[in-house]
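Please look at the sequence and the 3D structure below before reading on. The notes that follow are grouped by topic.

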Amino acid sequence: MVQHCDTLWHNAHLMTLDGAGTGSVRDGAIAARDGRIVWVGPTAALPDGLQADHEIDCDGRWIGPGLIDCHTHLVYAGNRANEFEQRLLGASYADIARDGGGILATVRATREASEDELLAQSLPRLEALLAEGVTTVEVKSGYGLTLEHELKQLRAARRLGELRDIGVATTFLGAHATPPGVDPQAYIDEVCTLMIPAVAAAGLAEAVDVFCEDIAFSTAQAAQVFAAAQEHGLKIKIHAEQLSNQHGAELAARHGALSADHIEYLDDAGIAAMATAGTVATLLPGAFYATRETRLPPVQALRDAGVPIALATDCNPGTSPLTSPLLAMNMGATLFRLTVDECLAGFTREAARAMGRQQRIGRLAPGLDCDLAIWDIEAPADLVYRIGFNPLHARVRQGRHHSLRPEDA
Ligand code: DI6
Ligand code: FE
């Protein structure tokens, strides 16, 4: 029986995301000690005599798990609004890439930036996520494409988690593009034999990702990257089936990948392999929207097969300059026809699973980190339904309460 806690949030409604659906509890409370949830449930069931050092009256607001953005490229330098303008005048993404723009434009800017500059340019994007209740973010490298600059990007990502109260998980995406003037296979060999061992030795990434596409790397090259990652104890992820079906998700699932991301062109064999492996389908509606893709991810088939579905911003300067998880949820519903429950689970419970952190974050349950988002809403659906409106009242990370309006603290 819990007798003492550091903080008790009470007079709240809860969306626990524990079990199926949102797991809503009307008139509930949450108690935390040493950064972890020690009790959560209906107020009527609060343990008798529970002592709290601090009590926070939530005035009938809703508390859910802090949001988790499980797929971002938010550490980069420079700006590609010029390419956006060119596309509005008729240029294609491929035309721009051929002229030295696209990913390689960001690579040039990222290489030129010092680690401090990279950090300074990335911080406002992180702040935008924080302002919408994000408590954990995954950040990929992939705009350095040399060991030196990939390590710089990963260090900058880790430092974001020291500057702000947020969990940062880093993923090495050296296999994002081939640097100019380098043979693609020679580059993949370097990724596998030089970069992955060095990133692992420096402890700078938990996972390794690959952009598997006919304009990027083949499934054979992805398999090579996965083998190297696993040899060094790193988890794996894939950008797959975004523009065409390369069977990358199936390959990744057979390697036990945490997630396969994008997957608009995924087929039934890929879905079956993901279901068998428990690989999460991470859907990225911001990239779908910004590239004006028309092929929808196979949402109903994923549901039927029991594949877990996560949602993320894919924040990147080319195909998804998006730093709003709330808008990503609305797009998940409006564009992909995900249900409200699926959108909310996609940015909490299933996002945690896509990062391999489902035992630590993503739900309101005893033993998990006390990472909360406190919302000024009437019902959970408000978070998905409204467009361009941010009802975040406060954010809690490992039990530390951050009021957005200091007068309410
Ligand atoms: N898929 C994408 O859509 C982005 N990267 C990736 O692997 C594109 C990133 C960019 O254009 O900078
Ligand atoms: Fe991405």
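This is a predicted model: local features need pLDDT of at least 70, side-chain atom pairs count only at pLDDT 80 or more; totals for chains, interfaces and linings use all residues.

The site of the iron ion (ligand 2) is irregular, with angles of 81 to 166 degrees among its four donor atoms.

**Iron site**

- The iron ion (ligand 2) is coordinated by NE2 of His71, NE2 of His73, NE2 of His239 and OD of Asp314, at 2.1 to 2.2 Å.
- Along the sequence, the spacing of these donor residues is H-x1-H-x165-H-x74-D.
- Distant parts of the chain are linked by the pair His73 and His239, which are 166 residues apart.
- His73 is in the loop between β6 (67-69) and α1 (81-88), while His239 is in strand β10 (residues 235-240).
- Both His73 and His239 are buried.

**Aromatic pairs**

- There are three aromatic pairs in the structure.
- One of them joins Phe288 and Phe336: the ring centres are 5.0 Å apart and the planes are at 80 degrees, so the pair is edge-to-face.
- Phe288 belongs to helix α10 (residues 285-290) and Phe336 to helix α12 (residues 325-336), so the pair ties together parts that are 48 residues apart in sequence.
- Phe288 is buried, with a relative accessible area of 7%, and Phe336 is buried as well, with 4%.

**Charges over rings**

- Arg125 lies over the face of Tyr76, at 3.5 Å from the ring centre.
- Over the face of Phe389 lies Arg386, at 3.5 Å from the ring centre.

Methods:
Residues are numbered from 1 along each chain as its sequence is written. Chains are lettered from A and ligands numbered from 1 in the order in which they are written. Side-chain values use heavy atoms; hydrogens and water are left out. Rings of Phe, Tyr and Trp (its six-membered ring) pair if their centres lie within 6.5 Å; planes under 30 degrees apart count as stacked, over 60 as edge-to-face and the rest as tilted. Helices (H or I, at least four residues) and strands (E, at least two) are DSSP runs, numbered from the N terminus. Buried means under 20% relative accessible area, exposed over 50%, partly exposed in between (1.4 Å probe, protein chains only). A charge sits over a ring if NZ of Lys or CZ of Arg is within 6 Å of the ring centre and within 35 degrees of the ring normal. Donors are N, O and S atoms within 2.8 Å of the metal (3.2 Å for Na, K and Ca); water is not among the atoms, so sites may look incomplete. Four donors count as tetrahedral if all angles lie between 85 and 135 degrees; four count as square planar and six as octahedral if opposite donors are over 155 degrees apart and all others between 65 and 115; anything else is irregular.
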